[in-house]
Amino acid sequence: SGSVFLSISGEHVLGGNSQGMVPLGARPREIARRDIRRVLETLRFSSLSLDREILHVLPQEFTVDGYRRIKEPLGIFATRLAVSAHLISVSSSFLNSLIKAVNLAGLEVEEVIFSGLATSRSVLTKDETDAGVVLLDIGAGAINLIFFKDGLQKHTSVIPWGGQDITREIARELAVDEAQAEQLKLQYQGDLLDYEEEGRDGEKIIIRRETSAYKSIQRGELVKLIKQAQAKVLSEIKREIELAGILKQKPFRIVISGGMSFMGGVSEELEAATGLPVRIGTPKGFISSVSGLNSIFYSTAIGLMMQGIAGKAEKAGGRQPSALARLIDRFRWVYEDYF
């Protein structure tokens, strides 16, 4: 048996901000690491409903005896320590079911990490998170939206749309099964950049309907259908960004990840809708002898590894470098075995 770092996503994931405080004593004393852990733990048991569990507590700033905007309170003398943090919570039932499924497979779950946070670890640079960046991790069934500013995670939300919605729209409009619709989407999504309203009258595509009858459609008709379905997904992204008030905070750029990032027109349409430059995020700071491992398709998996290593290092407090080295080696062996 082994252990894993597990990613979780879905529209049940919620992000929000909260504050916590702990007294340190009647007389000022030096703030220790245990005090920082204690004030963060108060947020884990804040007033959430019983069907939710806080997955991540991400400190924004600390307040020491009324003095705000302190990033590192360790060693400061005070009588009271407070923190403002960004919380990411998930459905308890979904989380427990996921962990149980992994345990039944003979594996132990070391830590559960929000997949959007894991992806941000692998594809964003420090300059971007400082200047302001919107990460869109566009999956098949959901889009993770995370906003960073001043090096801190300010907003988290999950949009219940994704590449699968485009596939389903194609299947519905053409009366084909989803497997054929997915194949058509992947084969002709590259035409979206060169799409013209007139279509390509001379080019025919043969499809098999759910009734097993074959039918031909114009290539331009299919591309138009893909483009319209893509526009619905992009409009949901724009709507969520506007509702969150992110554009008012003047982010530097948008970074997109996930399979839908490769669809023609995604970057261009997002740039037009938001006025921000868009780039495709690929894993950074990761070197492997395994061909293709730095592909965008492994962004979340590599981010899980980086998040896991960071967590182990933080718990070790820098006192056990050999243990951390063994952990890194173990991750490398796993990737070389499976990828």
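The dialogue below takes up a helix, its salt bridges, a strand residue and a surface patch.

Q: What kind of model is this, and how are residues numbered along each chain?
A: This is a predicted model, in which local features need pLDDT of at least 70 and side-chain atom pairs count only at pLDDT 80 or more, while totals for chains, interfaces and linings use all residues. Residues are numbered from 1 along each chain as its sequence is written, and side-chain values use heavy atoms, with hydrogens and water left out.

Q: How far does helix α5 reach from its first C-alpha to its last, and what span is expected?
A: Helices are DSSP runs of H or I with at least four residues, strands are runs of E with at least two, and both are numbered from the N terminus; the expected span of a helix is 1.5 Å times one less than its number of residues. Helix α5, residues 163–174, has twelve residues and reaches 17 Å, close to the 16 Å expected at 1.5 Å a residue. Just after α5, Ala175 takes a positive phi of about 60 degrees.

Q: Which residues of α5 are buried, and against what do they pack?
A: A residue is buried under 20% relative accessible area, exposed over 50%, and partly exposed in between, using a 1.4 Å probe and protein chains only. In α5 the buried residues are Gly163, Ile166, Thr167, Glu169, Ile170, Ala171 and Leu174, and the buried residues of this helix pack against α6 (178–188), β12 (204–208), β13 (214–218) and α7 (219–243), where contact means heavy atoms within 4.5 Å.

Q: How many salt bridges are there, and which residue does Arg168 pair with?
A: A salt bridge is a side-chain nitrogen of Lys or Arg within 4 Å of a carboxyl oxygen of Asp or Glu, and by this rule the count comes to 14. Arg168 forms one with Glu178, the closest N and O atoms being 3.7 Å apart. Because Arg168 lies in helix α5 and Glu178 in helix α6, the pair ties together parts that are ten residues apart in sequence. Salt bridges that share partners also join Glu169, Arg172, Glu173 and Lys232 into one network.

Q: Is His155 buried or exposed, and what is it in contact with?
A: His155, placed in strand β11 (residues 152–159), counts as buried because its relative accessibility is 19%. Leaving aside neighbours within four places in sequence, His155 is in contact with His86, Leu145, Ile146, Phe147, Glu240, Ala244 and Ile246.

Q: Which residues make the nonpolar surface patch of about 310 Å²?
A: Patch residues have over 30% relative accessible area and no salt bridge, with nonpolar side chains (Val, Leu, Ile, Met, Phe, Trp, Tyr) joined within 5 Å and like charges within 9 Å. This patch is made by Phe262, Ile280 and Phe297; Ile280 is found in strand β15 (residues 278–280) and counts as partly exposed at 32% relative accessibility.

Conventions. Accessible areas come from the Shrake-Rupley method with a 1.4 Å probe; for residues, only the protein chains shown count as cover.
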